[in-house]
Amino acid sequence: MLESDILHTAVENLERLAKVKVSLGEVAPKNGHAWDAQLEIRAGAASGQFKVEVKKNGHPAALVGLLDKLTEANGLLVARQISGPGRELLETRGINYLDMAGNCLIRSEGGIFLQIKGESLPAEFKEVK
């Protein structure tokens with residue numbers, strides 16, 4: 001599965017579940033940090049802009065190298081699926097996240113606060129073992 005598929009499916013589910021408007025754009029590398037996308041969320045008068053890092057999985061071991069980057073930039077991790085321990089680690093560090101099913105914790109100084117839990121990954125996106 002491509003990172004672009006993960007990002008677009010996650011954004012579609014976020015829009016559907018939270019009834020928000022999401023715009024995607026590109027972001028130029030800065031200070032040696034490259035980002036996968038720029039995302040803007042609008043909900044009425046509230047808004048937030050986030051630099052996005054897309055990963056296939058959100059297990060703690062896969063996140064360790066990203067934590068500082070995401071914290072410094074008020075980034076948003078978008079992943080196919082984020083494990084319970086991965087979500088706990090991100091929440092403890094105050095890092096925004098979104099998975100393909102639409103589960104998220106996203107906050108911004110512009111008044112955005114979205115928290116969705118309990119959504120299941122659609123069957124077509126689950127890995128076949």
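K19 lies in the loop between α1 and β1; helices here are DSSP runs of H or I with at least four residues, strands are runs of E with at least two, and both are numbered from the N terminus. K19 has a positive phi of about 55° although it is not a glycine. Most residues other than glycine have a negative phi. At 68% relative accessibility, K19 counts as exposed, where exposed means over 50% relative accessible area, buried under 20%, and partly exposed in between, with a 1.4 Å probe and protein chains only.

Before going on, the ground rules. This is a predicted model, in which local features need pLDDT of at least 70, side-chain atom pairs count only at pLDDT 80 or more, and totals for chains, interfaces and linings use all residues. Residues are numbered from 1 along each chain as its sequence is written, and side-chain values use heavy atoms, with hydrogens and water left out.

Helix α1 covers residues 3-18, and its 16 residues should span 22 Å at 1.5 Å a residue; the end C-alpha atoms are 22 Å apart, so the two agree. The expected span is 1.5 Å times one less than the number of residues. Buried in α1 are I6, L7, T9, A10, V11, N13 and L14.

N74 is in the loop between α3 (67-72) and β4 (76-81), and is partly exposed, with a relative accessible area of 34%.

Next, E26. This residue sits in the loop between β1 (21-25) and β2 (37-43) and is exposed, at 80% relative accessibility. E26 and A37 are 11 residues apart in sequence, yet 4.8 Å separates their C-alpha atoms.

Now the hairpins. Strands β5 (residues 96-99) and β6 (residues 104-107) run antiparallel, joined by two bridges; pairing requires that DSSP finds at least two bridges between two strands. L98 stands opposite C104 in β6. Four residues lie between β5 and β6, and G102 in that turn has a positive phi of about 105°. β6 also pairs with β7 (residues 113-116), antiparallel, over four bridges. Here L105 is opposite Q115 in β7. This hairpin has five residues between its strands, with G111 in the turn at a positive phi of about 100°.

Last, a ring contact. The charged end of K69 sits over the ring of W35, 4.4 Å from its centre; the criterion is NZ of Lys or CZ of Arg within 6 Å of the ring centre and within 35 degrees of the ring normal.
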